[in-house]
Amino acid sequence: RQSISNIYLMVFVLFMLVVLSTQFTGDAQRLVLAPIENMMAIVNMVAEDPLEDFDFKSIRRTGDYETHVVQLAIEKITALLRVGFGVAGAEIISSNMAVEGGGSASLQPMIPGKRVYALFGFCDIFSFDMCTEKLEDEIMTFVNNVARIVHDEVTRWGGTCNKNLGNAFLMVWRIGDEDTLAEYRGRKISNDRSYARRGSERSAHSDDGEHFHLERQKQPTPKQAFKQGGIDLRRIPGLDLLSDKALVGFLKVIVEVNRDVQILAYRQDERLSKGSEDEFMLRMGFGMHAGWAIEGAVGSLQKVDATYLSPHVNMAARMEAATRQFGLSILMTGSFYKLLSEPAQLHCRKTDVVTVKGSNVPMPIYTYDTFQNQVFPQLRAPKFSNLSLRDILIQQAETYDESLWMTDPDLIQLRCLATPQFLKTFKGGLNNYLDGRWEKAREYLEKADSMMGSNDIGGDGPSRAILEYMKSNDWVCPSSWLGHRPLTSK
């Protein structure tokens with residue numbers, strides 16, 4: 001009987017041990033192991049693709065309050081890392097957050113830079129010093145309202161913000177790094193007839209007129225391209241659509257700063273219009289260029305900025321600075337213009353041929369005409385649509401096609417003053433100016449200027465800039481004239 005009792009006791013103890021161990025294991029899995037696994041999954045997801053906008057809400061919440069708080073903190077930290085470092089800092093985030101396959105325990109933000117190709121856009125707020133002086137502590141609200149519009153539109157149209165400089169923003173439409181684009185390196189150009197297609201097939205009757213030869217002469221031959229080993233961006237499939245979207249993104253910013261209720265409110269601010277009968281109108285300049293840059297970390301272990309360094313980034317900034325000289329809102333280089341689709345090119349205007357500091361290569365520059373002193377209607381979602389206005393705008397950008405240039409109400413309204421007659425007149429003046437027939441050019445350009453009398457500046461900025469340059473030479477074309485002039489703005 002004693003033996004049977006011992007057997008029952010042993011069975012009971014074993015049963016209790018199994019039950020309790022199962023319960024303990026379940027609690028440990030639910031309260032400790034599962035939360036840790038979720039945290040590890042979040043970190044690994046961000047390390048593998050720092051630029052992906054992850055939906056962490058889809059990850060099942062586990063654990064008690066303490067582990068739940070830690071999990072939320074990790075989610076916020078990873079989100080802040082993406083916001084703080086952006087596209088240029090993706091490699092920094094990835095290499096420092098990797099916890100598998102040899103991830104280092106020490107912080108190493110100063111990783112080597114790498115060459116990437118991108119479309120660069122630089123935009124700047126005009127009269128910013130005055131705004132800072134008048135608005136004082138409210139300047140941050142003002143800048144952030146502008147930044148909200150710039151970031152929203154550029155992001156919607158495929159770009160990202162790299163630098164916020166207070167009065168200026170560097171925006172980037174990243175194409176890819178050198179390794180990814182290796183198949184488009186110059187050495188393959190000799191076997192690809194499409195290399196010069198978009199340039200050489202243009203006739204003297206194109207928008208560039210008889211002066212496109214200045215551009216073509218500078219294109220590298222297959223042998224030169226092989227030696228340079230550069231990437232021919234025009235051969236990359238789909239880049240014309242990305243370039244179009246980059247331009248549309250900036251044009252939408254121009255529209256929105258003249259439509260947004262919070263920005264329009266500053267027109268009635270007496271501090272900004274004090275001493276003037278005219279109300280304050282926010283104006284911005286935009287410059288666009290395409291090329292390579294070194295992407296990486298700049299700074300030290302005390303402070304790191306992930307950014308892009310290159311003459312091509314500086315060129316975008318130079319184009320923005322030149323908008324003041326030409327009385328325009330947006331200027332783009334020939335390198336950027338050639339990447340646009342044909343419908344987009346047809347809606348742009350060649351404004352001059354210039355050389356910039358540090359280069360003797362003539363460079364045509366282009367603009368998209370913008371008339372801002374008008375009322376842009378507020379956007380509303382269709383009455384019976386199931387989508388919000390934001391979703392509709394995102395869908396419009398994602399489904400972009402070239403017909404947008406002929407159908408979008410904002411783009412049509414912006415360019416309403418660029419009539420065929422005006423464009424023909426300005427083109428005649430520009431061609432005569434570049435050819436050295438300055439008397440005839442003066443006649444055309446003065447007429448073009450008067451045709452733009454209702455524009456934001458009361459005339460045509462490019463016509464006035466060229467007329468001013470010819471006037472500085474007493475209206476006589478120099479004997480050394482080669483069809484281009486130096487760009488004075490830096």
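Which residues does Thr 323 touch, not counting residues up to four places away in sequence?

## Thr 323 and its surroundings

In this predicted model, Thr 323 touches Phe 126, Gly 285, Phe 286, Leu 328, Ser 329, Ile 330 and Leu 331, when residues up to four places away in sequence are not counted. Thr 323 belongs to helix α12, which runs over residues 311-326, and its relative accessible area of 1% places it among the buried residues, because buried means under 20%.

The buried residues of helix α20 are Gly 461, Pro 462, Ser 463, Ala 465, Ile 466, Leu 467 and Met 470. What covers these buried residues includes α12, β7 (349-355), α18 (420-435), α19 (438-451) and β9, and α12 is the helix in which Thr 323 is found. The length of α20 can also be checked, because at 1.5 Å a residue its 12 residues should span 16 Å, and its end C-alpha atoms are 17 Å apart, which agrees.

α20 is followed by Asp 474, whose phi is positive, near 60°. Trp 475 likewise has a positive phi, of about 65°, although it is not a glycine; Trp 475 lies in the loop between α20 (461-472) and β9 (485-486), and with a relative accessible area of 25% it is partly exposed.

## A positive phi at Ser 127

Ser 127 is not a glycine, yet its phi is positive, at about 55°. Ser 127 lies in the loop between β1 (114-125) and α4 (128-135), where it is partly exposed, with a relative accessible area of 48%.

## Salt bridges

Side chains of opposite charge can pair when their charged atoms come close. The structure holds 20 salt bridges, one of which joins the side chains of Glu 295 and Arg 174 at 2.9 Å, N to O. This pair links distant parts of the chain, with Glu 295 in strand β4 (residues 284-299) and Arg 174 in strand β3 (residues 168-177), 121 residues apart. Glu 295 is buried, with a relative accessible area of 5%, whereas Arg 174 is partly exposed at 31%.

The side chains of Asp 410 and Arg 259 also meet in a salt bridge, at 2.9 Å, N to O. Asp 410 lies in helix α17 (residues 409-414) and Arg 259 in the loop between α9 (239-256) and α10 (261-264), so the pair ties together parts that are 151 residues apart in sequence. Asp 410 counts as buried at 6% relative accessibility, and Arg 259 counts as buried at 2%. A salt bridge of 3.2 Å, N to O, joins the side chains of Arg 437 and Asp 435; Arg 437 is partly exposed, with a relative accessible area of 43%, and Asp 435 is partly exposed at 32%. Salt bridges that share partners join Lys 252, Glu 256, Arg 259, Asp 408 and Asp 410 into one network.

## A nonpolar surface patch

Leu 9, Met 10, Phe 12, Val 13, Leu 14 and Leu 17 form a nonpolar patch on the surface, and together they have about 610 Å² of accessible area. Phe 12 is found in helix α1, over residues 2-48, and is partly exposed, with a relative accessible area of 49%. In an α-helix there are 3.6 residues a turn, so residues three or four places apart point the same way.

Notes: Residues are numbered from 1 along each chain as its sequence is written. This is a predicted model: local features need pLDDT of at least 70, side-chain atom pairs count only at pLDDT 80 or more; totals for chains, interfaces and linings use all residues. Side-chain values use heavy atoms; hydrogens and water are left out. Patches are made of residues with over 30% relative accessible area and no salt bridge: like charges are joined within 9 Å, nonpolar side chains (Val, Leu, Ile, Met, Phe, Trp, Tyr) within 5 Å. Accessible areas come from the Shrake-Rupley method with a 1.4 Å probe; for residues, only the protein chains shown count as cover. A salt bridge is a side-chain nitrogen of Lys or Arg within 4 Å of a carboxyl oxygen of Asp or Glu. Helices (H or I, at least four residues) and strands (E, at least two) are DSSP runs, numbered from the N terminus. Buried means under 20% relative accessible area, exposed over 50%, partly exposed in between (1.4 Å probe, protein chains only). Contact means heavy atoms within 4.5 Å. The expected span of a helix is 1.5 Å times one less than its number of residues.
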